[in-house]
Amino acid sequence: MQLPPAVHARLAGGPGAAEPLPVERSPKAGAAPFRFTARQVRFPREHEFFEDGDVQRHLYLQDVLTQVAGAPERPRVPEFTCQVAGCCQVFDALEDYEHHYHTLHRNVCSFCKRAFPSGHLLDIHILEWHDSLFQILSERQNMYQCLVEGCTEKFKTSKDRKDHLVRRHLYPADFRFDKPKKNMSPATPRATVQVSAEALGAEGEQVEGDAMEVCSEPAGERHTAGRRKLWSISRTL
Amino acid sequence: MWLRRQGCLRPAGCGVEELRRRRREREAALRKARREQQLISKRLLRDDAPEEGEGGCVAVILGQAEIQQFLQLAQRGTEEKERGRALVSLRRGLQHPETQQTFIWLEGSMRTLVGLLTSNQALLQLEAARCLHELSHSEQSAVAEACLPATSYLLTYLSGHSSDFIELCLYTLGNLIVESEAVRRQLLPQGIVPALAACVQSPHVTVLEALGYALSQLLQAKEAPEKIIPSVLGSTLPQHMLQLLQPGPKLNFGVAVEFAWCLHYITCSQVNNALLITHGALSTLGLLLLDLAGAVQRTEDAGLELLACPVLRCLSNLLTEAAVGAVGEQMQLRDERVVAALFILLQFFLQKQPSLLPEGLWLLNNLTANSPSFCTSLLSLDLIEPLLQLLPVSNVVSVLVLTVLCNVAEKGPAYCQHLWPGPLLCSLLGTLAFSDTEVVGQSLELLQLLFLYRPEAAQAFLQQSGLQALERHEKEAQLQDRVHALQQTALHS
């Protein structure tokens, strides 16, 4: 297919529309038995017109076309230690350090040293655990905000919020980042047991416990949830 | 402007012929899947460069006992590195479908994996996530669905900061999304759309490409037009998507490909294209088209059709919106350079990907149908002859070419004056010899317009044995009336 040089030149030129030639239609045009009418066409999603392009797209995704593969090997650097006070992890790859830093040191509560996966959860934690004004206000209005990004609901109690997370957002009942605050009152027996830190605890001795205990039904939950199965995996097994 | 990853997933000892055969098989399977509306593709991120030495990417089958052993070691081992290595071994095993099956049926295995995913040990988190990723890539629904307990955490981690980890979570989510409606019925209430919307502001190109992939899988779902696209349109995603498609030094090819496909799934669903137009989709995509044509000219052709295809589709569908007339000048598509760019792309398709010619011509139809200005551009840029050169490609292409020419001719004598004298008549005599009824039918329509607005062309037609060309179709039911009418017109001219 030969293109006149004017085409390439035009592409390189400035924006602009052609001054249209005068339009002058005759009523005989497209009159029976002829049927042509100039019209724009649209194709819906599943139309077979798209078959070829869709197949090419999926070949690409399946790596056949461009042989996209794993990331190149990470460059190794001389070993270095994490500089955060109290942390003595050693690394020999920057990406490993990046992940370590973001997981353990980035969103850390300055009051209790717990680490959170995001700034959003850290903010909620500080508000609910360390803000005395929050406690006062929560007696009069709904202050416990839903944890799901984009949901603006607020609740009277942390339990109500959990119910909402489970029912409305299909979250697991033992969602790791929504543990109730440790309650010092001796009146409520089981509920006082803080089974695992609400988040990724920086305390050394709780480390092992966290990893394991998230697998069992937390005591506090059992008290309120009755015999309900907490792990959705049990549906699929 | 090229894909970040260039590598080789080719199994050792695979010749070119073998590769071609596999590709043909894959292509056939994909076509079949699409016709059954079951088009599912997953993307696998594999990190194991050292694997190649061991005779290619050979996955190990692990038995129940071994899996349990690795899990226990990962959970309770004393040294973090040792625990990490246990998970690496597990992951290698999980590359094999049999291990995957054993794993998901093993009591407590997923629970343990999720526990490790949410642990406070960064290395374990990452390795657990990689195991999950392998599972998500499985072709067996049961395996992918077994990953459901992890989704709330994967979504939570999207608001984190570790770009590699987020990328992994996104590809895993993308694979799960496409698995079944059941999975999406969980992910939607868990807030996947707002989570993706928050994540789209990441400065990391790898995260963005992964996000685009996950979003494209979500938008491709059968129930997307009713259940997913409205909330996507209601979020900040459309503006960000368009920003990521703007040509310029920041445009990343891999990212653009994903978001262009996202936009295609949205626009062809016809949910609220007017909204996209008000966000400037037409002008952004128009500029991107110019950019693509420029890249083709510089012969940077590596995979450009992967981006060109969805861009063409979006433009074609968006042009049909009534809203186009209602927005301001800048939001519309009037730039003549678009026609020039389109032809450069058509030429490129002819060489590299002829199956995309119909899509390019579809855009040309939508540009020219109601636009005297674009029709004039076709004439002033001398594009009629190049258009005619596409006629022999296929029947579908011929019909589209003839339709575009009809778009020009129906605008009246001033336009037909440029169509004849010229090569058009000769080409039409050629297409009249085709056996395809639609091609011939469209040729007859064009002839009628030409004879109407340029009567001298009818005389020339007669002189070039036009009547004989028409006679062949006198008995064809769909064509007879028009053939007869044209014979009369020609004889009386």
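**Figure 1. Helix α2 of chain A and its cover.** In this predicted model, helix α2 of chain A (residues 51–61) is mostly covered, with ten of its eleven residues buried. Helices are DSSP runs of H or I with at least four residues, strands are runs of E with at least two, and both are numbered from the N terminus. Buried means under 20% relative accessible area, exposed over 50%, and partly exposed in between (1.4 Å probe, protein chains only). Among the buried residues of α2(A) are A:E51, A:D54, A:R57, A:H58 and A:L61. The cover over the buried residues includes α1 (16–35), α12 (205–219), α16 (253–267), α19 (304–319) and α22 (357–368) of chain B, where contact means heavy atoms within 4.5 Å.

**Figure 2. A salt bridge that involves A:E51.** A:E51, one of the buried residues of α2(A), forms a salt bridge with B:R31. The closest N and O atoms of this pair are 3.0 Å apart. A salt bridge is a side-chain nitrogen of Lys or Arg within 4 Å of a carboxyl oxygen of Asp or Glu. Between chain B and chain A the count is eight salt bridges.

**Figure 3. The interface between chain B and chain A.** The size of an interface is often given as the accessible area lost when the parts come together. Chain B and chain A bury about 11500 Å² between them, 58% of it on carbon and sulfur atoms; this buried area is the accessible area (1.4 Å probe) that two parts lose on being put together, summed over both. In contact across the interface are 152 residues of chain B and 106 residues of chain A.

**Figure 4. The two chains.** Chain B has 31 helices and zero strands, whereas chain A has nine helices and four strands. Of the 493 residues of chain B, 63% count as buried; of the 237 residues of chain A, 43% do. The C-alpha trace of chain B spans about 100 × 50 × 40 Å along its principal axes.

**Notes.** Residues are numbered from 1 along each chain as its sequence is written, and chains are lettered from A and ligands numbered from 1 in the order in which they are written. Local features need pLDDT of at least 70, side-chain atom pairs count only at pLDDT 80 or more, and totals for chains, interfaces and linings use all residues, while side-chain values use heavy atoms, with hydrogens and water left out.
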